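Please read it alongside the structure shown here.

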Amino acid sequence: MANITLTRVDNRLMHGQVIVKWTRVADCNRILIVDDALKNDSFMVDIYKMAAPSGINVELMSTQEAGNEYQKNQLGDGKILLLFKTIASASSAYKKGLLFPSLQLGGIPNEPGKIKIVTAVSTSPDEINKIKELHENGVDITAQVIPEESKLNYDEIINRAGI
């Protein structure tokens, strides 16, 4: 059975920090990107697969597919770094059956209507509601952009959001 060693929301998905630092922290041999739009973009699927470090396989699934496969214990073997582009995708996959114990907020860009939690992590009121819902379901929520920084816990995230 697959072991999800790290679940992260990072808008850029696979980039230098994820490839070099977070794969080591996760001690993974697989990266599973769960995103409905990217699942059908064969060009980007190939790009992400080519960007992976040696010895790490990259797979892409839709939120429904990931939920179904997890519920059937069909995510395969190995240690998985689970990546989402958005909090909405993470929430959707969770509701569809992809149950992860924790969720790390990494790179979420600041846009109009969002509140900066820490550098490189901003959330909207709707995203905070999704985070609260996940937390109420037992998901441990943290924010951490790079491994060298301290983590913010759920209460600190909610306090900084001011919601």
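In helix α6, Glu127, Ile128, Lys130, Ile131 and Leu134 are buried (under 20% relative accessible area, with a 1.4 Å probe and protein chains only). They cover an arc of only 160° around the axis, so they sit on the same side of α6; the arc is taken from the directions from the helix axis to the C-beta atoms. This is a predicted model, in which local features need pLDDT of at least 70, side-chain atom pairs count only at pLDDT 80 or more, and totals for chains, interfaces and linings use all residues. Residues are numbered from 1 along each chain as its sequence is written, and side-chain values use heavy atoms, without hydrogens or water.

**Helix α6**
- Helix α6 spans residues 125-136 (helices are DSSP runs of H or I, at least four residues; strands are runs of E, at least two).
- The cover over its buried residues includes α5, β5, β7, β8 and α7 (contact means heavy atoms within 4.5 Å).
- Gly138 follows α6 and has a positive phi, near 95°.

**Helix α4**
- Thr63, Ala66, Gly67 and Glu69 are buried in α4, residues 63-71.
- These buried residues fall within an arc of 170° seen down the axis, so they line one face of α4.
- They pack against β2, α2, β3 and α5.

**Cavity**
- Met1, Ala2, Ile4, Tyr70, Asn73, Gln74 and Leu75 line the largest cavity (a set of points on a 1 Å grid over the protein atoms alone where a 1.4 Å probe fits but cannot get out; lining residues have an atom within 4 Å of a point).

Note on methods:
Buried < 20%, exposed > 50% of the residue type's maximum accessible area, 1.4 Å probe, protein only. 1 Å grid on protein atoms, 1.4 Å probe; cavity = no way out; pocket = protein on both sides within 12 Å on 5 of 7 lines; lining within 4 Å. Expected span 1.5 Å × (residues − 1).
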